[in-house]
Amino acid sequence: MFKTKGKKLVLAIALLAGIFTYYRFAAITFEPYKNEEEVLPSTSRESIAKEVSALSRYMTPKEVEDVVKFIVSVDARGSIVEVRAEVLENANVKKTQEFARELSVIIKGKKLSELTAIDKVGTSSLTTEAFNEILDDLKSQL
Amino acid sequence: MRSLTILRVNCNRMQTLEFAGLGTQWTVIVDDEQFSDHAKGAILGFVRTFEDRFSRFLLSSETNAFRHALPGTYEISEEFADLLRMADRLRVLTGGVYDPAVGGLLEHCGYRAAALGELPTVSPQDFVIHQWSLQENALLIIAGPIVFDLGGMGKGYCIDVVGKILKEHGYRYFLVDGGGDILATEKRDGSAWRIAIEYPGKPDTAAGVVELRHQGLAVSDSYRRRFGKWHHLMDAQAKRSVDSLVGCAAVASTAWAADCMTSGLFFAKPEQFPDVAREFSARYMVFRNDGTAIVSSDWSGAIF
């Protein structure tokens with residue numbers, strides 16, 4: 001019993017450490033612009049200005065520790081150009097690729113008035129006439 | 001109530017057609033010196049007809065045709081079958097959380113055509129969403145009446161058809177904006193269209209910029225069409241509004257696929273996002289309520 005609990009504790013610590021490491025490096029790296037003039041990145045490797053990497057350790061459901069190296073390439077403005085994941089130890093390749101399909105980034109936003117050469121703004125649809133017409137009725141039912 | 005009128009046509013190299021349709025504002029831009037009246041008429045006619053056929057707020061529409069239907073098999077139009085077929089893919093992908101048959105539930109929550117008047121009071125939890133399936137172009141209604149609500153997915157389909165109409169009229173360089181969801185080719189000079197993505201809940205702020213070149217973009221958030229605790233994105237299983245995320249954006253090869261992707265993001269579990277993205281060959285950004293976002297690693301564009 002003790003052995004099982006201890007093992008789970010070690011696993012939990014390793015998992016948290018991995019998440020923390022990944023989040024810390026990735027999130028800081030992807031906090032990109034800080035009031036600089038916006039320029040769209042190119043997706044070509046020629047545009048890569050910086051590569052950072054971080055090791056992440058996490059446990060599989062079979063309680064095998066996976067070690068994965070995430071390599072994140074950004075351009076001069078900090079835009080993500082490419083993300084790769086290299087398996088270092090024991091990792092299931094397919095699972096690693098799935099894990100690398102998403103990144104957590106900090107979104108601060110930038111005033112539209114600060115952007116240049118924008119053709120359109122992609123938005124959620126404005127409220128429809130039909131919705132406006134029955135809004136009072138809806139509110140009365142709350 | 002329904003309006004579909006030309007508001008403005010610009011006279012420069014970029015010719016613009018603006019109109020209201022499907023309950024939102026549309027802008028069609030052709031990067032050409034001529035935007036023929038014939039092409040404009042075809043676009044306006046199609047959007048008007050599409051709205052007549054598929055708006056849940058028009059009681060004569062095809063989506064309302066099964067409001068009083070008994071169980072059985074019904075022939076439906078090829079276009080409606082295409083829309084429901086795609087909706088069925090989303091239903092399967094999300095484990096039934098997305099279901100276009102929530103139209104009746106939305107109506108009982110108050111989001112309904114004024115012409116329906118008062119409806120019997122039914123708790124959302126007690127409202128029964130009847131099952132349906134497709135067999136080729138036949139709709140099988142298993143237990144009882146259904147009101148369909150195609151939502152943003154229908155608009156994406158409509159945007160793509162407007163793009164086809166433009167191509168049929170010889171236009172190769174254009175952008176179709178249907179209420180913020182966009183289909184764009186490249187510009188005449190070969191450059192991409194630069195599109196800012198609105199930060200959810202902040203209309204004056206961009207979360208990023210993408211370049212579109214023969215691609216569709218869909219953006220959705222849970223701030224609009226909200227009434228107190230309710231929202232128009234309804235979980236068909238839990239029978240309550242979806243509030244797991246505050247907004248999302250998707251880029252795919254068509255506006256329809258991009259719209260399906262944003263619907264999938266709202267209704268799928270986070271661990272299902274990559275599967276949904278694979279289904280629609282889409283890239284995505286999901287906004288969480290803590291100022292962070294999940295971005296697919298193939299996302300291309302500036303993030304602010």
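Two strands are said to pair if DSSP finds at least two bridges between them. Helices (H or I, at least four residues) and strands (E, at least two) are themselves DSSP runs, numbered from the N terminus. The model is predicted, so that local features need pLDDT of at least 70 and side-chain atom pairs count only at pLDDT 80 or more, whereas totals for chains, interfaces and linings use all residues. Residues are numbered from 1 along each chain as its sequence is written, chains are lettered from A and ligands numbered from 1 in the order in which they are written, and side-chain values use heavy atoms, without hydrogens and water.

Chain A holds three helices and six strands, in the order α-β-β-β-α-β-β-β-α from the N terminus. Of its 142 residues, 39% are buried, where buried means under 20% relative accessible area, exposed over 50%, and partly exposed in between (1.4 Å probe, protein chains only).

Strand 7 (residues 174–178) and strand 8 of chain B are antiparallel and share four bridges, with B:Asp177 opposite B:Ile182. These two strands form a hairpin with two residues between them, and B:Gly179 in the turn has a positive phi of about 65°. Strand 8 of chain B also pairs with strand 11 (residues 215–221), again in the antiparallel sense, over three bridges; here B:Leu183 stands opposite B:Gly216. In a regular strand the side chains alternate between the two faces of the sheet.

A nonpolar core is a set of buried Ala, Val, Leu, Ile, Met, Phe, Trp, Tyr and Cys residues joined through side-chain atoms within 4.5 Å. The largest such core has 82 residues, of which B:Ile43, B:Leu166 and B:Phe280 touch the most other members. Helix 5 (residues 255–267) of chain B gives the most to this core, namely nine residues. A second, separate core of 25 residues includes B:Met14, B:Ala249, B:Met285 and B:Ile303.

Two loop residues call for a note on backbone geometry. Most residues other than glycine have a negative phi. B:Glu136, in the loop between strand 5 (132–135) and strand 6 (138–141) of chain B, has a positive phi of about 55° and is exposed at 68% relative accessibility. B:Lys239, in the loop between strand 14 (234–235) and strand 15 (240–241) of chain B, has a positive phi near 60°, but this residue is buried, with a relative accessible area of 15%.
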